[in-house]
Amino acid sequence: MSGHALSPGRPWPMGATITGDGVNFAVFSAHAAMIELCLFSGDGRKELSRVPIRDRDGDIWHIHVGGLTAGQVYGFRAHGPYDPERGHRFNPHKLLLDPYARALEGRLKWSDALMGYRIGSPKGDLSYDTRDSAFAVAKAVVTDPSFGWGNDQPPARTRSETVIYEAHVRGLTMRHPHVEKGLRGTYLGLASDAMIEHMLKTGVTAVEILPVQAMSDERFLLAKGLRNYWGYNTLAFFAPEPRYMGKGGLWEFQTMVRRLHTAGIEVILDVVYNHSAEGDEWGPTLSFRGLDNASYYRLAEGGRKYANDTGTGNTLNLTHPMVLRMVMDSLRYWVEVCHVDGFRFDLATVLGREVGGFDPNGGFFDAIRQDPVLSRVKLIAEPWDIGPGGYQLGAYPHPFLEWNDRFRDGVRRFWRGDAGLTRDLAARICGSAEKFDHSGRAATSSVNLITSHDGFTLEDLVSYTVKRNWDNGEDNRDGHSENHSDNLGVEGPSPDKAVRAARDLRKRNLLATLFLSQGVPMLLAGDEIGQTQGGNNNAYAQDNEISWLNWRDTDAALTAFVARLAALRRDHPVLRQRRFLHARARAADGLRDVIWRRPDGAEPSPQDWHDPAFRCLCVEMRMSAEGGDPSPAAVFLVFNSGPAVPLVLPETAPAWELVLDTTRPDLVQETAPAAVPAGSVLMMRAAPASVPRKGESK
């Protein structure tokens, strides 16, 4: 190779690493016969040289090329058997992206040349395609990730004080009038003054952003004029998605994190390590498939087919040590180089599925829990997939938190008026202890949600009974059909003031239940301003005004109400405890830490808990009897999905003061009421004896 000194280099770190006099490359393949390093011009259009990597340490191929610097564009070609029936799909005509690529040059351009087989051949995927794919693939770029972090420190919010805000980088600011136009839809836009001010006002402590690892748009979506908006189609696990940044590259992502940290807001990434963008056996050869298909993927039927526990066509094989290493290296990269504060793992059951099925003590969980970097950040599991034994809510080990769909569905159904849901609501209010109170797990293990990116927005939840996904181009077949929603009398938007008032009250009741329950609340970005998607409950391909938040037509009253709820939660530690409540007597005062009541003051009988007419649930909460500070004030909560009913206050406190009534969202504080309004949530706190009951003289 003219002008560049070649030497063996070293097998670590993986990927491309700048040294004092060049770049070291290291790539894994257990079954390749030869790997070639391909160097390209700065725009990625011209292949300048092709260098065989001759040194191999175990299954890691490595080489050092002198004289190369940051900005060098490169890829790999892998030689080996093309034998799909045995799991091997090597094809050196296909340029391959480095699995450890830190940045990309160009975007994927869909072409039949991306396929390792000949489309239309009677042999199907057993055929072999000889067209060069280099013109169509995104290429890796050698990067220098150094950044001036200054005195940046992680906010290190405790789980008990965390309020998560689930947001999409692009959709959050594309329509925001107070975000600079050139920054809308970008990492820097997310961390703009306008967005930080809004999040702080709303009480947010952590922003959980939908996938930002470099992704690709599926061919069938582009053919419909759509794109993969959500981003659950990862191409490169170390590279930030280019569509959300300008020419600043990684610096822009790092700046976002630093600005959010300065405001005390944590950054949690939604990550997709369960599958890749290569699809099934009919998909393109972009990276993993061409480097070592039999190692990177879980295969079936002798190796020709792919396990599809994800519904996307393939499943990454985390039981392989080098695939697991890649995932661990990627996670550490985002923490150490980009300073993120945690991860939400998409379809996390896949990550814990061993040969015998899901194992909470499997390799992935063991690796992450012993890691001195990763074990200290927030780890959130989406505890299901479509594979065998895929639903694993409550089965994850400490310190994982889990998205709780039982909270979502149970709370929706209770407020819809479904009969017999009061007992279930009691479990959800107390952190779903029947699922999470084991193995030393905390009461903050449940991530409580009413809505998320996947499904109706809060506004649509109270406006539609039927999904309206026609814009997705799948004849409304996609998306969940059962949403436990209720249009309150009119399907879709309504000018009727009574309908609007009923919907607004329902939203406040749902939000109040979310913020007053034990666990970690998660708010979908836009729910606090009244965002609608027009009834689309699967807007994964809608990179347009269906999904983009409408900041010009916001519900200021609802935003203020959410801020009020967050403040109540922050100011009352009894609402966000680390320990589960077991109705045990406290040593400090002999009172039980949780006491369930009917509105008449009596404790519910076993028959009451199964009575479908039991729709008004009251609960006294105090700090747990199992330790901790007993001094924070007790609260008395009322959740009433039925008609108005008289209320008898507990005699366990000298007096109670009302601090929340969802039928009167502007209320700040007054003496406790003698009745519960229909369809309402009330919060009262123990007050000094000098505070009179409503209607009494001082």
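Mentor: Please keep in mind that this is a predicted model. Strand β29 (residues 635-640) and strand β34 (residues 680-687) run antiparallel and are joined by six bridges.

Trainee: Which residue stands opposite Val 635 in β34?

Mentor: Arg 685 of β34 stands opposite Val 635.

Trainee: Which sense does the pairing of β29 with β28 have?

Mentor: Strand β28, which spans residues 616-621, pairs with β29 in the antiparallel sense over six bridges. In that pairing, Leu 617 stands opposite Phe 639 of β29.

Trainee: Is β29 mostly covered or uncovered?

Mentor: It is mostly covered, as six of the six residues in β29 are buried. Val 635, Leu 637 and Phe 639 point one way from the strand, while Phe 636, Val 638 and Asn 640 point the other way; all are buried.

Trainee: Changing topic, how many residues does the largest nonpolar core have?

Mentor: The largest nonpolar core has 166 residues. Those with the most contacts inside this core are Phe 253, Phe 343, Phe 345 and Phe 364. Helix α7 (residues 321-336) supplies the largest share of the core, with 10 residues.

Trainee: What does Phe 343 touch?

Mentor: Leaving aside residues up to four places away in sequence, Phe 343 touches several residues, including Ile 268, Leu 269, Val 271, Leu 331, Trp 334 and Val 335. Lys 378 is also among the residues that Phe 343 touches.

Trainee: And which residues does the second core include?

Mentor: The second core is separate and has 15 residues, among them Cys 616, Ala 634, Ala 672 and Met 684.

Terms used
Residues are numbered from 1 along each chain as its sequence is written. This is a predicted model: local features need pLDDT of at least 70, side-chain atom pairs count only at pLDDT 80 or more; totals for chains, interfaces and linings use all residues. Side-chain values use heavy atoms; hydrogens and water are left out. A nonpolar core is a set of buried Ala, Val, Leu, Ile, Met, Phe, Trp, Tyr and Cys residues joined through side-chain atoms within 4.5 Å. Buried means under 20% relative accessible area, exposed over 50%, partly exposed in between (1.4 Å probe, protein chains only). Helices (H or I, at least four residues) and strands (E, at least two) are DSSP runs, numbered from the N terminus. Contact means heavy atoms within 4.5 Å. Two strands pair if DSSP finds at least two bridges between them.
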